[in-house]
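I opened the model today and kept notes as I went. The entries follow the order in which I looked things up.

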Amino acid sequence: MGGQVKSKTPSPEQVLLGDEAVAVGAIDAGITAAYAYPGTPSTELGEYLLQHQARHGGPKASWSVNEKVAYEEALGVSMAGRRALVAMKHVGLNVAADPFMSSALITIHGGVVLVVADDPGMHSSQNEQDSRYYADFAHILCLEPANQQQAYDMTREAFDLSERFHIPVMIRLVTRLAHSRSVVRRRAGRGENGLSKLPDPAEWILLPSFARPLWHKLQVMQQEIRAYTESAPHNVQYLNPQNRALGVITTGVARNYYTENLRDLGFDISHLHIGAYPLPMGKIRNLGSRVDKILVLEEGYPYLERYLRGILPSPVEILGKVSGEVPAEGELNPDVVRKALGLEAREQLPMPDLELPVRPALLCSGCPHHDVFPALIEALSEFDKPLVPADIGCNTFGALPPYSVLESCICMGASVGTAKGAADAGYYPVVGVLGDSTFLHSGIPPLMDAIRTDADMTLLILDNETVAMTGAQPTILPSSRIEALIRGMGVDPEHFHTTEVHPRKTAELAELIRREVKHHGLSVIIARRECIESVRKKGKKKRAEDRQFKQRAEKPHAEERP
Ligand code: SF4
């Protein structure tokens with residue numbers, strides 16, 4: 001036990017997505033394991049690590065049933081003295097918030113790095129929440145890369161910081177960085193930590209009498225953490241004493257949009273870039289003492305801007321999202337930043353006068369949901385104002401034309417609890433709709449509630465045998481086990497059905513739904529057919545494996561030739 005083992009020599013330069021740069025940084029930082037739940041824009045991180053594991057045998061990488069479990073698994077690796085990465089999209093951190101918040105108090109043993117990919121502009125998310133607030137809330141360090149190289153370097157450093165301060169460290173990505181590519185220069189990898197037990201297990205037991213001194217320790221340590229961010233190379237300051245009129249503070253990728261406009265400004269501006277939090281107050285005050293106005297450019301919420309109002313004395317004017325110079329919603333880009341800097345809009349290339357067809361988000365052709373929603377509509381047609389709470393996933397498209405049958409999409413698993421609540425309120429009929437992976441992620445606990453009270457509702461699980469929306473990742477349990485799971489939870493077998501989805505069986509499915517809706521108590525229907533994308537993906541994988549097998553089989557014969 002103890003010490004580091006193994007080390008690898010990576011190829012020096014690679015073109016990587018921001019997500020992949022973090023994955024590679026974690027591999028080179030000597031992680032033993034990585035856990036994630038797929039969710040745009042963080043999915044590629046988990047995919048990269050899984051492929052790496054398949055090719056090289058490690059580090060261990062896996063999808064977890066949900067983000068909370070992923071986080072707890074990473075803590076387990078840390079408890080054993082080794083390093084773990086845990087990755088999720090921003091809303092996933094809401095699911096993992098319970099262990100995340102408490103893990104700031106325990107004395108992290110092997111380094112734990114949490115990567116959260118925020119989605120300003122909501123390209124594929126239900127909100128724009130800014131994960132920097134979570135880091136602040138938990139009193140931990142957060143590093144925010146501005147480019148792919150920093151994503152790699154900061155990830156490596158984050159593990160060292162986690163073990164130095166014994167706290168989890170957050171890497172905050174945003175969609176533009178996670179999903180764009182650049183050359184990343186790798187350094188020699190570090191080996192993984194040896195196994196070791198916690199020096200003092202009491203530092204992981206958050207009973208109130210133990211938790212109070214640990215919370216105090218975390219508060220005392222804030223000084224050391226702030227001293228680190230004050231001098232960290234990620235918080236870079238450039239001062240121009242000749243220009244008092246305006247200073248700029250950028251964070252993360254906003255620096256790129258600012259520097260792209262610099263040459264058009266025609267004058268030199270004092271500039272502070274922040275890539276490490278908690279905020280470097282000394283550097284901020286230093287900048288504030290040399291300028292009359294500060295423009296804040298940050299992706300996400302006006303997190304820094306709001307802080308500045310408390311850090312800086314009143315004569316310094318602060319411009320940003322709160323004051324209206326920068327839009328409060330959506331993503332930043334060079335043109336938005338240009339406007340905030342007071343520059344003329346750039347000449348735009350004329351748009352050709354094309355009549356492009358409108359392309360609303362749609363279910364794939366051949367999607368099993370195409371054969372379920374008509375059945376659901378038919379089944380509910382005889383009821384007055386049925387209520388259909390739904391969920392996250394491809395099935396959410398059932399809320400849009402041509403079906404327009406689903407009526408909510410809030411968060412993972414919410415359909416079940418919402419349906420139960422509506423039934424508790426006396427609404428009838430209520431049909432909750434969700435996918436199999438969402439059911440496994442967060443639908444099981446609310447179903448237990450519904451079973452306990454025999455809620456007057458029907459739950460329709462659209463089992464497409466995959467996590468479809470994020471690229472057909474495998475579900476945690478195969479479909480065959482979901483039935484046994486639900487039966488074991490105690491659903492009345494008379495009102496629990498599994499049925500195959502087929503275009504020729506739509507009327508049969510409609511009749512089944514209608515019958516179960518008429519039953520005044522809980523009923524559960526699993527409507528099953530594999531997602532067409534999942535079938536394609538498996539076919540592609542099989543063909544690649546067959547090709548490899550054939551090549552291997554032919555090789556010895558080739559070598560035998562003279
Ligand atoms: S990815 Fe699968 S589940 Fe999603 S719309 Fe396409 S076929 Fe349907």
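Which residue in E8 stands opposite Asp118? I found Val174 there. I am working from a predicted model, so I keep that in mind throughout.

**Entry 1**

**Entry 1: Ser42**

I looked up Ser42 next. I located Ser42 in the loop between strand E3 (33–36) and helix H2 (43–56). Is Ser42 buried or exposed? Ser42 is buried, with a relative accessible area of 4%.

I listed its contacts, leaving out residues up to four places away in sequence. Ser42 touches Asp19, Tyr37, Met88, Lys89 and Ala117. I also checked Ser42 against Arg346, which is 304 residues away along the chain. Their C-alpha atoms are separated by 33 Å.

**Entry 2: the five-stranded sheet**

I moved on to another open sheet, with five strands in the order E11-E13-E12-E15-E16. Its pairing is mixed. I marked E11 (236–238) and E16 (317–319) as the edge strands, each pairing on one side only. The twist averages 15° from one strand to the next.

How do E11 and E13 pair? I recorded the antiparallel sense, over three bridges, with E13 spanning residues 270–274. In E13, His273 is the bridge partner of Val236.

I then noted two helices. H10 (residues 254–265) lies across E12 (247–251), E13 and E15 (293–297). H10 runs at about 140° to E12. H11 (residues 281–288) lies across E11, E12, E13 and E15. H11 runs at about 160° to E13.

I checked the length of helix H18, residues 506–518. At 1.5 Å a residue, its 13 residues should span 18 Å. The end C-alpha atoms are 18 Å apart, so the two figures agree.

Which residues of H18 are buried? I listed Leu509, Ala510, Leu512, Ile513, Arg514, Glu516 and Val517. Their cover includes helix H14 (373–380) and strands E17 (431–435), E18 (458–463), E19 (496–500) and E20 (523–528).

I picked out Thr458, which sits in E18. Its relative accessibility is 3%, so I count Thr458 as buried. Setting aside neighbours within four places in sequence, I found Thr458 in contact with Val430, Val431, Gly432, Glu516, Val517, Ser523 and Ile525. Two of these names, Glu516 and Val517, are also on my list of buried H18 residues.

**Entry 3: around the ligand**

Last, I looked around the ligand. I listed Leu363, Cys364, Cys367, His369, Cys394, Asn464, Ala468, Cys531, Ile532 and Glu533. I sorted this shell into seven nonpolar residues, two polar and one charged.

Terms used. Residues are numbered from 1 along each chain as its sequence is written. This is a predicted model: local features need pLDDT of at least 70, side-chain atom pairs count only at pLDDT 80 or more; totals for chains, interfaces and linings use all residues. Side-chain values use heavy atoms; hydrogens and water are left out. Two strands pair if DSSP finds at least two bridges between them. Helices (H or I, at least four residues) and strands (E, at least two) are DSSP runs, numbered from the N terminus. A residue is near a molecule or strand if one of its heavy atoms lies within 4 Å of it. Ala, Val, Leu, Ile, Met, Phe, Trp, Tyr, Cys and Pro count as nonpolar, Asp, Glu, Lys and Arg as charged, and the others, Gly among them, as polar. The expected span of a helix is 1.5 Å times one less than its number of residues. Buried means under 20% relative accessible area, exposed over 50%, partly exposed in between (1.4 Å probe, protein chains only). Contact means heavy atoms within 4.5 Å. Axes are lines fitted to C-alpha atoms, for helices over the stretch in contact, and angles run from 0 to 180 degrees between N-to-C directions.
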